[in-house]
Amino acid sequence: AGVRLALMLADGSELRIDRGSSLTLTGSRRLELEGGRVWSRVVPGAPFRITCGAAEVEVHGTELEVARAGEDASLQLFQGSAE
């Protein structure tokens, strides 16, 4: 509780996980956001996927924030592209 976490992945992608958030890294370029908020700067390359319940975001070398509260998910794109 009250802790924020920053991770640098092996491919150089960066994740910042907000307080009270929960996520699981399910692969080298794949994560599941179970609740809360995560900011990421993804290095271009193979698609990076973020799952939020029924929604999935495919990230292509970009900077974005994904938030989830229950089954509601939101995405804020700062630069780059995502589907």
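Start with a surface view: the chain exposes about 4,700 Å², and carbon and sulfur atoms supply 50% of that area. Accessible areas here come from the Shrake-Rupley method with a 1.4 Å probe, and for residues only the protein chains shown count as cover. What you have open is a predicted model, in which local features need pLDDT of at least 70 and side-chain atom pairs count only at pLDDT 80 or more, while totals for chains, interfaces and linings use all residues. Residues are numbered from 1 along each chain as its sequence is written, and side-chain values use heavy atoms, with hydrogens and water left out.

**The whole chain**

Switch to a cartoon. You'll find 0 helices and 7 strands, giving the pattern β-β-β-β-β-β-β along the sequence. (Helices, H or I with at least four residues, and strands, E with at least two, are DSSP runs numbered from the N terminus.)

Now show the C-alpha trace, which spans about 30 × 25 × 25 Å along its principal axes. The radius of gyration of the chain is 12 Å, which agrees with the value near 12 Å for a compact globule of 83 residues. That radius is taken over C-alpha atoms, and the globule rule is 2.2 Å times the number of residues to the power 0.38.

Color by burial next: 35% of the 83 residues are buried. Buried means under 20% relative accessible area, exposed means over 50%, and partly exposed is in between (1.4 Å probe, protein chains only).

Then pick out the charges. There are 9 positive and 12 negative ones, and their mean positions are 5 Å apart. Lys and Arg count as positive and Asp and Glu as negative, while His and the chain ends are not counted. Each charge is placed at NZ of Lys, CZ of Arg, CG of Asp or CD of Glu.

**Stop one: β1 and β2**

Select residues 5-8 for β1 and 14-17 for β2. These strands run antiparallel and are joined by 4 bridges; two strands pair if DSSP finds at least two bridges between them. Look across for Ala 6 opposite Arg 16, and for Met 8 opposite Glu 14. Together β1 and β2 make a hairpin with 5 residues between them, and Gly 12 in the turn has a positive phi of about 95°.

Stay in that loop and click Ser 13. Is Ser 13 buried or exposed? Ser 13 counts as buried because its relative accessibility is 1%. Show its neighbors: leaving aside residues up to four places away in sequence, Ser 13 touches Leu 7, Met 8, Arg 29, Arg 41, Val 42, Val 43 and Phe 48. A contact means heavy atoms within 4.5 Å.

Select residues 55-69 to bring up β6. Which residue of β6 stands opposite Ser 40? It's Leu 64, and the pairing of β4 and β6 is antiparallel over 6 bridges.

Cys 52 has Ala 55 in β6 as its bridge partner. The hairpin of β5 and β6 has 2 residues between the strands, with Gly 53 in the turn at a positive phi of about 65°.

On to β7, residues 72-82, which is antiparallel to β6 over 9 bridges. Their hairpin also leaves 2 residues between the strands, and Gly 70 takes a positive phi near 65°.

Zoom in on Leu 64, which is buried with a relative accessible area of 0%. Leu 64 stands opposite Leu 77 in β7; the two are 13 residues apart in sequence and 4.5 Å apart in space, C-alpha to C-alpha. Beyond residues up to four places away in sequence, Leu 64 touches several others, including Val 38, Trp 39, Ile 50 and Phe 78.

**Last stop: β3**

Select residues 22-27 for β3 and click Thr 26. Thr 26 is partly exposed, at 45% relative accessible area. Its contacts, not counting residues up to four places away in sequence, are Leu 31 and Glu 32. To finish, draw a distance from Thr 26 to Ile 50: their C-alpha atoms are separated by 9.6 Å, with 24 residues along the chain between these positions.
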